[in-house]
Structure formats: C-alpha cells, structure tokens
Amino acid sequence: MSLFHTMNALELLDSPSASGESVKKALTAAGVPESQISVKTVHGPKGSTNFVKTWFYGSEGKHNGGTAPTIGIVGRLGGVGARPERIGLVSDGDGAVSAVAVAMKLGDMAQKGDVLKGDVFVSTHICPNSPTRPHDPVPFMGSPINMTIANREEMGEELDAVLSIDTTRGNRIVNTRGFAISPTVKEGWILRVSEDLLEIMSSVTGELPKVFALSMTDITPYGNGLYHLNSILQPCTATRAPVVGVALTSQTTVPGCATGSSQPADIEAAVRFAVETAKAFGEGKCKFYDEEEFALTLKRYGAMNKLQGMGALPPADPQA
C-alpha cells in the first residue's frame with residue numbers, strides 16, 4: 001500500500017517552505033540513495049522552481065547493463081501553492097504529491113529488497129508560490145516556468161514510456177472522482193487505449209476503468225493559441241516514447257488554485273497504479289501500444305509528428 005507515503009507527501013508539500021531540498025531529504029529518509037536524487041533550481045519568465053529527479057535502477061535495467069525497458073513517471077503541475085493569493089496546498093499540486101509519493105514508495109521497496117526489473121525515472125517540480133491565470137470554466141494555476149523548460153527538465157531520451165500524472169478537475173470532460181487514464185499518445189498520434197493499462201487500473205481500483213477524451217489540440221504544445229484540457233499530455237510533445245496521462249479527477253469542476261481539494265484516497269490509488277505499471281512494464285508484461293499496428297498506421301497515413309511542434313505560425317504566447 002502507498003497511503004503512508006501519500007500522506008507524508010501531502011504534509012511535506014503543504015507548506016510555504018516546500019522545496020526541492022526538503023523533498024530530497026524526505027526521499028533519502030524513505031530509502032532513496034542520495035546519489036540517485038538531483039535537485040535543480042530553474043528560473044523562468046515568472047519566477048523559479050525546484051526540479052526534483054530521481055532514478056531507481058532495476059535488477060535488469062539499462063543502467064546495470066540489462067535490457068529491461070525504462071519507464072518515466074512525471075508529476076505535472078504549475079505549482080504546489082499559489083501564495084500569497086492562496087494559503088495551502090492547491091489542487092494543481094497533486095501531480096507533484098503523486099510523484100513524490102511514488103518515489104518514496106519505490107525507495108522504501110528497494111530498501112526492503114523489492115527491486116523492480118526495469119529502471120524507473122520519477123520527476124516533478126516544487127514551487128509553493130506559483131501564479132494563477134484565467135481559464136474557462138475555472139481558473140488554472142500558472143507556472144513560474146514555461147512548458148519548454150518543463151519538458152526539457154522532466155523528460156529524458158532514455159525513457160521507453162511515460163506516465164504523466166496531473167490534476168484534471170477544472171473541466172467537464174471527466175465527471176467522476178478518482179483517476180482516469182488517456183489513450184496512448186505517440187509522435188502526434190492518439191492511439192487506442194492500452195488494454196494492459198486498463199487491466200492494471202481495474203485491478204488497483206476494484207472498479208471499471210475510466211478513460212478521458214482527448215482532442216487533437218490537447219497533444220500540441222502550449223503557447224500555440226489553441227485549446228488544451230490542461231498540461232497533462234505536454235510531455236508527448238518532447239519525446240518519441242508513448243505517453244499516457246493519469247488524471248486526478250472530480251465530479252464537479254474544481255479550480256486548480258483551490259485549496260483543501262486534494263483527495264488522499266484518489267492520489268493513493270493513482271500512486272499504486274503508477275507503481276504497478278512500473279513493475280509490469282519493466283517485466284515486459286505491459287504494453288502502452290501495439291508496435292505492429294503503429295508501424296502500419298505510419299505506413300498507411302504517414303507521420304503526425306508535426307503536432308509535436310508549434311506549426312506554421314509563430315508562438316501565440318512566447319512565454320507558454
């Protein structure tokens with residue numbers, strides 16, 4: 001179970017002094033070797049934030065000379081707090097909470113002798129005083145950095161698949177509490193939903209799986225002036241690896257800058273889902289997409305990777 005680590009992550013990040021260093025200290029206490037954690041302060045157009053990146057090396061992972069695939073787990077968000085406008089952990093911060101809890105759980109497992117087969121990369125950023133910005137139907141959290149910086153820091157060429165965890169409560173697309181997953185997105189193509197991930201989700205929740213809809217513009221880069229559900233699929237613009245969004249959802253529309261809106265049980269379920277997916281992916285028991293079907297798709301209809309770029313026009317928002 002991951003409830004203990006989820007609660008610890010919630011308490012850790014619900015603080016005006018939350019930082020990359022405080023997260024590093026907590027991860028080290030949870031059993032993660034300090035050498036496998038990096039903290040980097042990055043400055044952007046509207047301030048700065050701390051990126052925290054953690055590696056877990058599998059028994060048959062590439063770091064140790066093996067061939068097991070590598071999965072990335074990204075905690076997406078604008079910020080964990082909107083101080084001084086709002087006091088407390090904001091709803092938008094649950095992506096970071098999830099990533100920190102995943103890292104704590106994997107560190108605890110490794111310390112006890114449960115080492116996964118493949119390598120796992122966990123990344124997020126910590127900023128307790130991010131700006132907010134208008135969005136319909138409810139306000140979004142802004143970010144001190146732009147999406148180009150976020151993708152550069154949170155992604156890596158070593159990754160064979162990516163789970164992107166993000167609060168997704170400020171919409172009317174998913175009208176139920178808990179978490180939902182997206183179809184797999186790869187190189188500009190929205191592919192079929194992974195059957196393996198649906199199975200893992202059902203096993204973790206004990207319920208029927210939930211899938212949220214995507215539009216084509218959702219998988220294009222921020223800053224192009226087009227509608228985006230939120231930033232959950234932004235990692236897909238910066239990698240050739242298949243990306244699946246893991247959305248923390250609600251029955252009602254909740255602003256990203258709302259405080260007191262984090263649901264520990266929902267976050268814990270998403271954390272367990274991420275950990276179970278990492279186990280199965282490293283063992284070769286979980287596919288994000290069908291390689292042969294994707295190859296045939298490209299052969300019939302061609303590449304769609306132009307959707308990973310800004311298109312023919314200059315950026316609509318240079319800071320996005």
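Reader: Which helix does Ala-278 lie in?

Author: Good place to start! This is a predicted model, and in it Ala-278 belongs to helix H6, residues 264-282.

Reader: Is Ala-278 buried or exposed?

Author: The general idea is to look at relative accessible area, where under 20% counts as buried. Ala-278 has a value of 3%, so Ala-278 is buried.

Reader: Which residues is Ala-278 in contact with, leaving aside its neighbours within four places in sequence?

Author: You will find Ile-71, Ile-73, Leu-116 and Val-120 there. As for Ala-241, 37 residues away in sequence, its C-alpha is 15 Å from that of Ala-278.

Reader: Now to helix packing. At what angle do helix H1 and helix H3 pack?

Author: To read a pair of helices, take the angle and the distance between their axes. H1 (residues 3-13) and H3 (residues 94-112) meet at about 130°, and their axes are 8 Å apart. The crossing of H1 past H3 is right-handed.

Reader: Which residues make the contact?

Author: From H1, they include His-5, Ala-9 and Leu-13, and from H3, Val-97, Met-104 and Asp-108 are among them. By type, the contact residues of H1 with H3 comprise 9 nonpolar, 3 polar and 2 charged.

Reader: Where is the place of Asn-146?

Author: Look in the loop that runs between strand E6 (140-141) and helix H4 (147-154). The same cut-off of under 20% applies here: at 14% relative accessible area, Asn-146 is buried. A polar atom of the Asn-146 side chain lies 3.2 Å from the backbone nitrogen of Thr-148.

Key: Residues numbered from 1 in each chain as written. Predicted model: local features only at pLDDT ≥ 70, side-chain atom pairs only at ≥ 80, totals over all residues. Heavy atoms only, no water. Helix = DSSP H or I, 4+ residues; strand = E, 2+ residues; numbered from the N terminus. Buried < 20%, exposed > 50% of the residue type's maximum accessible area, 1.4 Å probe, protein only. Polar contact = N/O pair within 3.5 Å; in protein donor to acceptor, adjacent residues only side chain to side chain. Axes fitted to C-alpha atoms, helices over the stretch in contact; angles between N-to-C directions. Left-handed = near helix turned anticlockwise from the far one by under 90°. Contact = heavy atoms within 4.5 Å. Nonpolar A, V, L, I, M, F, W, Y, C, P; charged D, E, K, R; others polar.
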